[in-house]
Amino acid sequence: MQYLKGHLNHDPVWHKGLKKRKKGMEQYDNKNKGVLFKEQGEKAEDWHDDYKGTIDVEGVEYWIGAAIRKSKAGVPYMKLNVRLKESKAAEIQESLNKKAVPVDDFKDDDIPF
């Protein structure tokens with residue numbers, strides 16, 4: 001318990017080590033690496049991914065998903081799908097940039113409100 005109290009009470013030795021770890025983490029190269037996490041809870045549809053994560057390919061970020069499947073012969077395999085990480089953000093930005101219908105276009109509607 002004394003060890004835990006010392007660390008919770010801002011033990012200077014503990015902070016010194018933490019700063020070193022953080023500094024080392026900033027310099028970590030994620031190029032050409034990725035990670036998959038198992039989806040938590042039940043899948044809404046059978047075809048949804050069992051694992052999701054991100055991957056970096058030559059400096060470009062992608063979303064990656066994996067679904068566990070079985071071949072016709074009963075051999076298990078993983079079906080992968082990859083999409084550009086920026087694609088969803090680009091779709092949202094594009095929809096925001098679309099010109100909205102002016103309110104004046106609805107002046108002559110028969111709807112009373």
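Does K85 count as buried, partly exposed or exposed, and at what relative accessibility? I began with this residue, keeping in mind that the model is predicted, and I noted that K85 counts as partly exposed because its relative accessibility is 28%.

**Entry on K85 and its partners**

I looked next for what the side chain of K85 meets, and I found that K85 forms a salt bridge with E61, in which the closest N and O atoms are 3.4 Å apart. E61 lies in strand β3 (residues 60–70) and K85 in the loop between β4 and α3 (86–97), so this pair ties together parts that are 24 residues apart in sequence. I also looked up E61 itself, which is partly exposed, with a relative accessible area of 34%. I then turned to W63, and I noted that the charged end of K85 sits over the ring of W63, at 4.7 Å from the centre of that ring.

**Entry on salt bridges**

How many salt bridges does the count come to? I wrote down two salt bridges, one of them being the E61 pair with K85 described above. I also found D50 in a salt bridge with K43, where the closest N and O atoms are 3.0 Å apart. I compared their accessibility with the cut-offs: D50 counts as buried because its 12% relative accessibility is under 20%, whereas K43, at 31%, counts as partly exposed.

**Entry on D49**

What I did find is a polar contact of 3.0 Å between the side chain of D49 and the side chain of N81. Leaving aside neighbours within four places in sequence, I listed E39, K43, G65, A66, A67 and N81 as the residues in contact with D49.

**Entry on K79**

I located K79 in strand β4 (residues 76–84), and I noted that K79 counts as partly exposed because its relative accessibility is 44%. Not counting residues up to four places away in sequence, K79 touches G65, A66, A67 and R69. For A66 I also looked up the separation of the C-alpha atoms, which is 5.5 Å from K79, although the two residues are 13 residues apart along the chain.

**Entry on aromatic pairs**

I finally checked for aromatic pairs, and the count came to zero.

How values were computed. Residues numbered from 1 in each chain as written. Predicted model: local features only at pLDDT ≥ 70, side-chain atom pairs only at ≥ 80, totals over all residues. Heavy atoms only, no water. Helix = DSSP H or I, 4+ residues; strand = E, 2+ residues; numbered from the N terminus. Buried < 20%, exposed > 50% of the residue type's maximum accessible area, 1.4 Å probe, protein only. Contact = heavy atoms within 4.5 Å. Phe/Tyr/Trp six-rings, centres within 6.5 Å; stacked < 30°, edge-to-face > 60°. Lys NZ or Arg CZ within 6 Å of the ring centre and 35° of its normal. Polar contact = N/O pair within 3.5 Å; in protein donor to acceptor, adjacent residues only side chain to side chain. Salt bridge = Lys/Arg side-chain N within 4 Å of Asp/Glu carboxyl O.
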